[in-house]
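Thanks for coming. I have one structure to go through today, and I will keep to the geometry.

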Amino acid sequence: LEESNALKETGHKNDLRVCIKVESITGIEQVSQSFGASLEVKFDWRPTMQDIYYHISGGNDPEWEPEWMPDMPSLVNKIEHREDIHLGAPRMVKLKGESKYRVQQTCKYNSTFLEALELEDFPFDVQEFQVKMKMQHDQDTTDLHFEKVVVDSEVQEVFKSSEWRPHVQLSSIQHVHHDEDSSFLHFSIVLKKQRAWKVYFWRVIFVMALISISSLFMVAIDPWEDIGDRLGYLVTMFLAALAYSIVISEYLPKLSYMTLLDIYVSSTYVFICALMAAEVLLKLYSKEENIKVADHIINFTFLGIWFFGHVVFATVVIHRYHWKEKTKLDIKEETKLSFSLTPSLRRVPVPQSMIAT
């Protein structure tokens, strides 16, 4: 009753708190650039005096609605709902150890979302998966507070056998801003995941490296009398690399630009084709008595190119992984501060600096 009187004296300004729980993340599709997520949005606000009078007088109508209710948020980047939206009934809750009441209501979503992935450094990449939402918010009548995003413990377990490693401790609400007319508040639930790149290393890069280094084994074939067999061996290696890349292509993203993995595979093609060209030129412009010396020079040269190319590729990967991709795991200072708060104070009001009116 004391809280209701205070609300009446202050014009019944609503104190709305929003808690978001991520229950599951499934179906990450890098080809279609989409992902699925199941969310529970919980609203918690102070009741009006009329609501409290109804509750303490024994009101038990199952279809009861509070005098004021917030509008449920809509999903901006939703592709489709995998299940119907489940809107729970509002209920009055008395805080433990206090004489204060709150009204709570939950809304559950299970949907597929569109996410433009940044795949230039694939498969050594870190991605931000965003669930973009908007809701009506009147700054003059409602004080809005976001609580820390909660990620279900099962999410971590599910991804242990996946190519993704979720950083649940970095989940946060970001990109908070209002429409130009200040009628809608936009915000994003940001979930950060790091790709487990080792599977691509062993299944793609390692196999392609073996094919390219195996092409140098043609040194065992006579360069003068069996040049046809040499070229046939190199063509076989080229077709083997091409066939393997076609087999794995359905698991790789189809983009309008080259990823690091695409560059590596293309470099393998170029390496084998350059070796074939060198063998043809060796046959055309060398004499029989010195062709073996020239052949050894060419093979050692290409062996050096192979080692140097892999050192350069490894250097580029390490640089881009540590100086570009891992920086995506950094979070803003105000988010770090909210993580250090005690559970009872873990409410993060929307910063004025983040609101563009």
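Take the contacts in the protein chain between residues at least 6 apart in sequence: 76% of them join residues at least 24 apart. Please keep in mind that this is a predicted model. The protein chain has eight helices and 14 strands, and of its 357 residues, 43% count as buried.

Now the core. The largest nonpolar core holds 73 residues, and the members that touch the most other members are Val18, Phe35, Val131, Met133, Phe187, Ile189 and Met208. Helix H6, residues 260–285, supplies the largest share of this core, with eleven residues.

Met133 is worth a look on its own. Leaving out residues up to four places away in sequence, Met133 touches Val41, Pro73, Ser74, Leu75, Val76, Tyr109, Leu185, His186, Phe187 and Ile189. The C-alpha atoms of Phe184 and Met133 are separated by 10.0 Å, and the two residues are 51 apart along the chain. Phe184 lies in strand E13, residues 184–195. With the same exclusion of residues up to four places away, Phe184 touches Lys134, Met135, Gln136, His177, His178 and Asp179. Its relative accessible area is 24%, so Phe184 counts as partly exposed.

Next, the helix packing, with H4 as the reference. Which way does H4 run relative to H6, parallel or antiparallel? The axes of helix H4, residues 198–214, and H6 come within 10 Å and cross at roughly 10°. H4 and H6 are therefore roughly parallel to each other, and their crossing is left-handed. On the H4 side the contact is made by Tyr200, Val204, Ile205, Met208, Ala209, Ile211 and Ser212. On the H6 side the residues are Leu261, Tyr264, Val265, Thr268, Tyr269, Phe271 and Ile272. By class, the contact of H4 with H6 has twelve nonpolar residues, two polar and no charged ones.

The crossing of H4 and H7 is right-handed. From H4, the contact uses Ile205, Ala209, Ser212 and Ile213; from H7, it uses Leu303, Trp306, His310 and Phe313. Sorted by class, the contact of H4 with H7 comes to six nonpolar, two polar and no charged residues.

H4 contributes Arg203, Val204, Val207, Met208, Ile211 and Ser214 to the contact. H5 contributes Tyr233, Met237, Ala240, Ala241, Tyr244 and Ile248. The class count for H4 with H5 is ten nonpolar, one polar and one charged.

Met208 links this back to the core. Met208 is one of the core residues that touch the most other members. On H4, Met208 takes part in the contact with H6 and also in the contact with H5.

Now the backbone. Most residues other than glycine have a negative phi, and most peptide bonds are trans. Where does a cis peptide bond occur here? A cis bond joins Phe122 and Pro123, with omega at about 5°. Pro123 is found in the loop between strand E7, 101–114, and strand E8, 126–136.

Two residues other than glycine to note for positive phi are Gln33, with phi near 55°, and His175, with phi near 55°. Gln33 sits in the loop between strand E1, 14–29, and strand E2, 34–45. Is Gln33 buried or exposed? Gln33 counts as buried, because its relative accessibility is 16% and the cut-off is under 20%. His175, by contrast, is placed in strand E12, residues 172–178. His175 is partly exposed, with a relative accessible area of 37%.

Pro62 lies in the loop between helix H2, 49–56, and strand E3, 74–75. At a relative accessible area of 72%, Pro62 is exposed. The C-alpha atoms of Pro62 and Arg91 are separated by 9.4 Å, with the two residues 29 apart along the chain.

That is what I have for today.

Methods: Residues numbered from 1 in each chain as written. Predicted model: local features only at pLDDT ≥ 70, side-chain atom pairs only at ≥ 80, totals over all residues. Heavy atoms only, no water. Core = buried A, V, L, I, M, F, W, Y, C linked by side-chain atoms within 4.5 Å. Buried < 20%, exposed > 50% of the residue type's maximum accessible area, 1.4 Å probe, protein only. Helix = DSSP H or I, 4+ residues; strand = E, 2+ residues; numbered from the N terminus. Contact = heavy atoms within 4.5 Å. Axes fitted to C-alpha atoms, helices over the stretch in contact; angles between N-to-C directions. Parallel < 35°, antiparallel > 145°, perpendicular 65-115°, else oblique. Left-handed = near helix turned anticlockwise from the far one by under 90°. Nonpolar A, V, L, I, M, F, W, Y, C, P; charged D, E, K, R; others polar.
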